[in-house]
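The sequence and the structure come first, and the description follows.

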Amino acid sequence: MGFFDKLKAGLEKTRKSFTEKIEQLVIGYATIEDELLDDLEAVLLSADVGVPTTTKLMTEIRSGIKSKQINSPDDLKPFLQEKINTMLLSKHYAEATQYAPPVVMLIVGVNGVGKTTTIGKLANYYHEAGKRVLIAAADTFRAAAIDQLEIWGQRTGSEIIKHAEGSDPAAVAFDAVQAAKARKVDIVIIDTAGRLHTKANLMEELKKINRVIAKEVPAAPHETLLILDATTGQNAINQAKLFGEAVALTGVVLTKLDGTAKGGVVIAINNELSLPVKWIGVGEGVNDLRPFDAAEFAAALFADK
Amino acid sequence: MVFESLADKLQQTFKKLRGKGKLSESDVAEALKEVRMALLEADVNFKVVKDLVAKIKERAIGQEVLESLTPAQHVIKIVNEELTNLMGGTQSRIAIASRPPTVIMLVGLQGAGKTTTAGKLAHLLKRQGKQPLMVAADVYRPAAIKQLEVLGEQLEIPVFTMGQDNPVNIAKKAVDQALMMARDIVIIDTAGRLHINEDLMNELKSIKQTVKPHEILLVVDAMTGQDAVNVAESFNNDLGLDGIILTKLDGDARGGAALSIKAVTGLPIKFAGMGEKLDALEAFHPDRMASRILGMGDVLSLIEKAESAISLEKAQEMQKKLRKEDFTLDDFLEQIEQVRKLGPLDQILGMLPGMGKLKGLQGLDIDNKEVKHIIAIIRSMTSKERRDPAVINGSRRKRIALGSGTRVQDVNRLLKQFGEAKKMMKRLKDMQKSGKKSNFKLPFMN
Ligand SMILES: Nc1nc2c(ncn2[C@@H]2O[C@H](COP(=O)(O)OP(=O)(O)O)[C@@H](O)[C@H]2O)c(=O)[nH]1
Ligand SMILES: [Mg+2]
């Protein structure tokens with residue numbers, strides 16, 4: 001399977017519920033009626049595209065009808081595809097510049113979204129690219145979180161820095177960054193405990209980890225990735241906003257896209273946040289992580305069977 | 001603002017319409033559009049929203065609302081009632097088997113919170129005098145078994161493990177073990193899985209056939225989006241669920257997923273996870289969830305409480321006084337006492353929409369001690385002083401402080417507060433003159 005096919009397979013559920021629904025819809029109507037537009041809106045909303053982004057797309061469609069760009073139901077899908085394409089591709093994010101090693105990555109997110117698993121996958125990705133990877137078990141809160149990361153370390157041939165359960169996560173991060181410098185490691189990936197974005201004290205803890213790292217390595221963390229579960233609905237936007245207030249996020253990893261039919265949240269994230277989706281998770285295996293490419297995503301979303 | 005509450009939006013919508021006099025059907029239709037959007041923003045399933053809005057419309061177009069002076073409140077009330085109905089009204093418990101052990105199986109998607117919930121549930125049941133055994137049947141996720149073992153140690157509850165053995169086998173042996181150890185509850189933690197993964201769903205079916213659980217509970221993350229309904233339906237079709245446990249409700253998820261699952265599958269929500277601590281599992285209250293989805297806190301139960309605690313006549317009398325501007329410290333005292341009847345102040349604030357989320361209010365402890373001080377201070381004043389605080393000079397202040405067991409600063413602060421309250425009431429009164437009169441007002445909060 002080529003890369004595009006793999007991506008398509010991962011997005012199969014989303015594509016099915018999205019494109020196929022639109023196609024079926026269009027067949028059912030001879031002319032453009034209010035009811036058709038309502039149904040189209042329903043498809044968008046039920047794919048977790050969200051109210052603000054859906055409203056924006058529907059406004060564009062309505063003005064497309066007025067300006068005669070859309071003349072029949074058949075015009076709807078290509079028009080929408082183009083608008084979503086523009087939405088996904090309009091923002092350009094600066095390429096991550098090459099930093100002197102160690103490059104420090106901080107992984108944050110709410111409970112159970114897939115932080116630790118994603119770290120395993122990222123470690124594998126960089127390991128295969130010939131990098132020396134060190135992972136830091138700074139989730140000292142959840143029972144056996146350290147053991148879980150350790151298993152991923154073994155699976156991917158990464159070094160690990162860990163302290164006892166219940167110890168200060170900032171101290172783990174500090175040790176990890178120091179060790180990385182001493183051992184000439186290329187990439188440090190720091191796992192953190194899941195936390196709800198509404199808990200002020202836990203957000204302070206993240207800031208502290210951030211400060212400690214920055215003291216050791218200037219400009220670090222170079223990458224702060226927010227892990228979002230694709231099954232999450234509109235709360236994903238809240239998560240991104242509040243985590244972003246605590247630490248400077250550089251991107252999003254969207255996990256569990258293999259399970260949900262609602263990948264529409266990718267469009268919402270692109271439209272409502274100034275944050276690039278950098279990776280997507282499409283399974284629990286070590287290889288189930290893909291760099292996110294907006295153009296490919298858009299193409300896969302609207303691909304024919 | 002992340003989410004504007006539906007209640008606020010409706011108020012605004014109707015305020016815009018006020019100038020027109022009576023409401024027309026199209027005014028209501030306009031408001032219902034807002035209702036629809038707000039429900040969708042709260043992740044209520046699309047189909048559920050459609051049905052719900054149709055029902056609400058039927059009721060809202062009735063005479064009652066159109067002729068009401070406070071149509072917004074009326075519509076909100078209807079929406080809230082319909083939501084509560086959908087949530088299933090009453091609280092629902094787990095069934096305890098007549099012949100122990102009661103076998104409970106937890107299932108769900110990856111990352112929903114099953115393992116932690118297993119610990120919390122075991123803890124809850126232990127506190128009710130039960131003797132649970134936890135079973136580590138998640139043999140896939142790295143260190144999942146270890147996680148349950150650690151929880152068992154913390155809670156002093158035994159954990160049955162058989163390494164990475166076959167989960168069906170593990171479940172069977174665990175129940176045998178429970179019988180031998182005379183444990184009366186068995187809680188099986190299973191691996192997270194996608195509802196579309198046939199192999200793994202078959203594994204759950206086999207466990208079910210083998211140990212015949214009395215309760216199969218689906219653990220659902222409160223933040224789940226539109227897919228929640230599909231997930232619950234598949235699990236229910238494959239396994240025949242007995243109920244739902246909702247997790248991560250301590251965040252700001254509006255929880256529309258929960259409502260949708262209940263509406264579509266009819267399954268009751270039995271517990272809600274309210275925090276990371278192992279004692280943070282609570283019985284679920286459908287009505288509170290309804291208000292939460294509306295983004296209006298628990299304002300309705302607050303109003304109910306107020307209505308039962310404060311007599312209408314008293315409130316009207318107070319309003320009259322306000323209008324005549326002869327509001328005294330006596331009245332102030334009476335108001336405080338009335339509000340206190342509603343319960344602890346911090347709880348009351350928690351019931352108000354948006355209050356819980358306000359950053360400034362976090363950690364602010366409106367403790368009753370301060371209120372008690374205020375009462376003591378006013379009680380130490382003569383009736384003349386209460387009517388005309390202007391006479392309270394330095395020596396009187398000292399006397400009052402002494403009499404009430406407070407400090408002069410406390411007396412000063414109270415007098416200042418009273419002065420400000422009076423000013424504010426005057427302003428509000430002026431505002432009310434231009435607006436419509438409402439028939440019931442809470443003292444203090446208007
Ligand atoms: N199907 C699927 N499951 C995933 C994916 N990423 C993580 N998971 C699972 O989600 C659950 C929670 O993951 P974990 O890494 O422990 O989350 P954390 O609490 O954020 O560290 C585990 O069961 C993972 O195997 C993904 O892309 N697809
Ligand atoms: Mg983790």
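## Contact between the chains

A:Glu41 and B:Arg36 are joined by a salt bridge in which the closest N and O atoms are 2.9 Å apart. A salt bridge here is a side-chain nitrogen of Lys or Arg within 4 Å of a carboxyl oxygen of Asp or Glu. By this rule, 3 salt bridges cross the interface of chain A and chain B. The rule for polar contacts finds 15 residue pairs across the interface of chain A and chain B, both residues being at pLDDT 80 or more. A polar contact is a pair of N or O atoms within 3.5 Å; within protein, one must be able to donate a hydrogen and the other to accept it, and residues adjacent in sequence count only if both atoms are side-chain atoms. On the side of chain A that touches chain B, the elements giving two or more residues are helix H3 (34–46), helix H7 (145–156), helix H9 (200–216) and helix H10 (235–246) of chain A. That side of chain A divides into 14 nonpolar, 16 polar and 13 charged residues. In this division Ala, Val, Leu, Ile, Met, Phe, Trp, Tyr, Cys and Pro count as nonpolar, Asp, Glu, Lys and Arg as charged, and the others, Gly among them, as polar.

In total, 43 residues of chain A are in contact (heavy atoms within 4.5 Å) with 36 residues of chain B. The area buried between the two chains is about 3400 Å², and carbon and sulfur atoms give 57% of it.

## Basis of the description

The model is predicted: local features need pLDDT of at least 70, side-chain atom pairs count only at pLDDT 80 or more, and totals for chains, interfaces and linings use all residues. Residues are numbered from 1 along each chain as its sequence is written, chains are lettered from A and ligands numbered from 1 in the order in which they are written, and side-chain values use heavy atoms, with hydrogens and water left out.

## Cavities

The structure holds 7 cavities of 30 Å³ or more. The largest cavity has a volume of about 150 Å³. Its lining has 17 residues, of which A:Thr231, B:Leu109, B:Ala112, B:Asp221 and B:Thr224 are the closest to its centre. On a 1 Å grid over the protein atoms alone, a cavity is a set of points where a 1.4 Å probe fits but cannot get out, and lining residues have an atom within 4 Å of a point. Grid points are joined across faces, edges and corners, and a volume is the space filled by probe spheres set on the points. Strand S5 (215–221) and helix H10 (228–239) of chain B each supply at least two residues of the lining of the largest cavity. The lining of the largest cavity comprises 8 nonpolar, 6 polar and 3 charged residues.

The second largest cavity holds about 70 Å³ of space. Among the residues that line the second largest cavity are B:Glu370, B:His373, B:Asp410 and B:Arg413. Helix H17 (368–379) and helix H20 (408–434) of chain B each give at least two residues to this lining.

## Backbone and a link within chain A

The peptide bond from A:Pro101 to A:Pro102 is cis, with omega near 5°. A:Pro102 lies in the loop between helix H5 (76–89) and strand S1 (103–108) of chain A. Helices (H or I, at least four residues) and strands (E, at least two) are DSSP runs, numbered from the N terminus.

Over all chains, the structure holds 24 salt bridges. In one of chain A, A:Glu60 pairs with A:Lys83, the closest N and O atoms being 4.0 Å apart. This pair links distant parts of the chain, with A:Glu60 in helix H4 (residues 51–66) and A:Lys83 in helix H5 of chain A, 23 residues apart.

Conventions
On a 1 Å grid over the protein atoms alone, a cavity is a set of points where a 1.4 Å probe fits but cannot get out, and a pocket is an open set with protein on both sides within 12 Å along at least five of seven lines; lining residues have an atom within 4 Å of a point. Buried area is the accessible area (1.4 Å probe) that two parts lose on being put together, summed over both.
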